[in-house]
Amino acid sequence: MNRSELEAVAAAMVARDKGLLAADESTGTIKKRFDQIHVESTEEQRRTYRELLFTTPGIAQWISGVIMFDETIRQKTRDGVPFPQYLTKLGIVPGIKVDEGAKPLAQFPGETITEGLDGLRERLIDYHRLGARFAKWRAVIDIGEGIPSRFAIEANAHALARYAALCQEQDIVPIVEPEVLMDGAHTLERCEQVTDAVLSTVFDQLAAHRIYLEGMILKPNMVIAGKKSPVRSSPEQVATATIRCLKRHVPAAVPGIAFLSGGQTPAEATTHLSLMNRSKGLPWQLSFSYGRALQDAALAAWSGKSANFSAGQKEFHKWARLNGMARSGGFQPGMEQQAA
Ligand code: 5MM
């Protein structure tokens, strides 16, 4: 393990004013996104859409790294430049999703375990050769009646730590993503309780697996009420509870925390990030690693039509820039209406 290399890549991933683009939708998920805009999910359409994102003019000012899917990291721009090389040239760090998805956890109805550890060492060697310098693994924890169980939290935390150790062995920075879903009807308090338990278990496992904390990035959910909860959380409540929870569990040695958006609207996710970044004296960088919050508007503007290619890029640029501003607390709700 090359510690200084891991540290340098992790620092670049959470560099000032920048964040990560999660463009690692698996074939099934990107099909769902394309279905919403009535676009057929062919390999060429997926390549074109990823090219739209990666070649957006000026994007390197706000985007530090891109998480790709296995298919994407092997694809090229229309001029024949492999995506990882194209991004590296712009100063954007190429990354790769290496988990193989959340599968039902046997004997634990309604819960999942993320798979993908078998053969991971060899896959990481291959991805490093292709240009990836960081990786991502997502564990999914749902909140419902009687769940999550202690066992599911532990099993997922154990897998996350095994993944992280294999990444660091191959000089790849692991993004550790334990996502507590916001799909349920739970309150913010319940989300905080579960996120507390999850982060505490994850950091225990990371320590047990001898993870070099300075060479990793945490990608957590924000602490927020479930989408079906009748009680909505105010932006201030989300920001306060999220920071409180992170302070309890995330060691200062971790260089950065890059949030997922989890189904919040782009404006909500950006507002929350901005508010949190107004807190003084935090030991880590607070950044973003959004999928939907960065892409929703771009997807809708593009809608699969080549005439809309630059309209899609404009929307992606806009949300990347607004989140870049949120990195130093400079985004205010409403700014998205004026922003071009
Ligand atoms: C972009 O979506 C990612 C991949 O999802 P699948 O493995 O289900 O295809 C996802 O892991 C994403 O990186 C994170 O959940 C963050 O995305 P959001 O949309 O929540 O910001």
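The legends below describe close-up views of a predicted model. Residues are numbered from 1 along each chain as its sequence is written, and side-chain values use heavy atoms, with hydrogens and water left out. Local features need pLDDT of at least 70 and side-chain atom pairs count only at pLDDT 80 or more, whereas totals for chains, interfaces and linings use all residues.

**View 1. The barrel strands S1-S2-S3-S6-S7-S8-S9-S10.** Eight strands close into a barrel in this order, with parallel pairing. Helices (H or I, at least four residues) and strands (E, at least two) are DSSP runs, numbered from the N terminus. Two strands pair if DSSP finds at least two bridges between them. S6 and S7 run parallel and are joined by eight bridges; in one of them, Ile141 has Val180 of S7 as its partner. Strand S8 (residues 217-218) and strand S9 (residues 256-259) pair over two bridges, also in the parallel sense, and Leu218 is bridged to Ile257 in S9.

**View 2. Strand S7 and its two faces.** Buried means under 20% relative accessible area, exposed over 50%, and partly exposed in between (1.4 Å probe, protein chains only). Eight of the eight residues of S7 are buried, so the strand is largely enclosed by the rest of the structure. One side carries Val173, Ile175, Glu177 and Glu179, and the other carries Pro174, Val176, Pro178 and Val180; both faces are covered.

**View 3. Tyr163 in the largest nonpolar core.** A nonpolar core is a set of buried Ala, Val, Leu, Ile, Met, Phe, Trp, Tyr and Cys residues joined through side-chain atoms within 4.5 Å. The largest one has 106 residues, of which Ile63 and Tyr163 touch the most other members. Helix H7 (residues 150-169) supplies the largest share of this core, nine residues. In soluble globular proteins, nonpolar side chains tend to be buried together. Contact means heavy atoms within 4.5 Å. Apart from neighbours within four places in sequence, Tyr163 is in contact with Val98, Leu117, Leu120, Ala135, Lys136, Trp137, Pro174, Ile175 and Val176.

**View 4. Met216, in the loop between helix H8 (188-208) and S8.** Met216 has a relative accessible area of 0% and is buried. Not counting residues up to four places away in sequence, Met216 touches Ala10, Gln168, Val173, Pro174, Val176, Phe203, Leu206, Ile211, Val254 and Pro255. The C-alpha atoms of Met216 and Glu189 are separated by 28 Å, the two residues being 27 residues apart along the chain.

**View 5. The crossing of helix H2 (residues 27-36) and helix H3 (residues 43-54).** Axes are lines fitted to C-alpha atoms, for helices over the stretch in contact, and angles run from 0 to 180 degrees between N-to-C directions. The axes of H2 and H3 come within 12 Å and cross at roughly 80°. Angles under 35 degrees count as roughly parallel, over 145 as roughly antiparallel, 65 to 115 as roughly perpendicular and the rest as oblique; H2 and H3 are therefore roughly perpendicular. Thr27, Ile30 and Phe34 in H2 meet Gln45, Arg46, Tyr49 and Arg50 in H3. By class, these residues are three nonpolar, two polar and two charged. Ala, Val, Leu, Ile, Met, Phe, Trp, Tyr, Cys and Pro count as nonpolar, Asp, Glu, Lys and Arg as charged, and the others, Gly among them, as polar.

View 6. Pro266, Ala267, Thr270, Leu273 and Ser274 in H10 meet Trp319, Leu322, Asn323 and Ala326 in H12. This contact has six nonpolar, three polar and no charged residues.

**View 7. Backbone geometry at Gln107, Pro148 and Asp171.** Most residues other than glycine have a negative phi, and most peptide bonds are trans. Gln107, in the loop between strand S4 (102-104) and strand S5 (112-114), has a positive phi near 75° and is exposed at 74% relative accessibility. Asp171, in the loop between H7 and strand S7 (173-180), has a positive phi of about 60° and is partly exposed, with a relative accessible area of 21%. The peptide bond from Ile147 to Pro148 is cis, with omega near 10°; Pro148 is in the loop between strand S6 (134-141) and H7.
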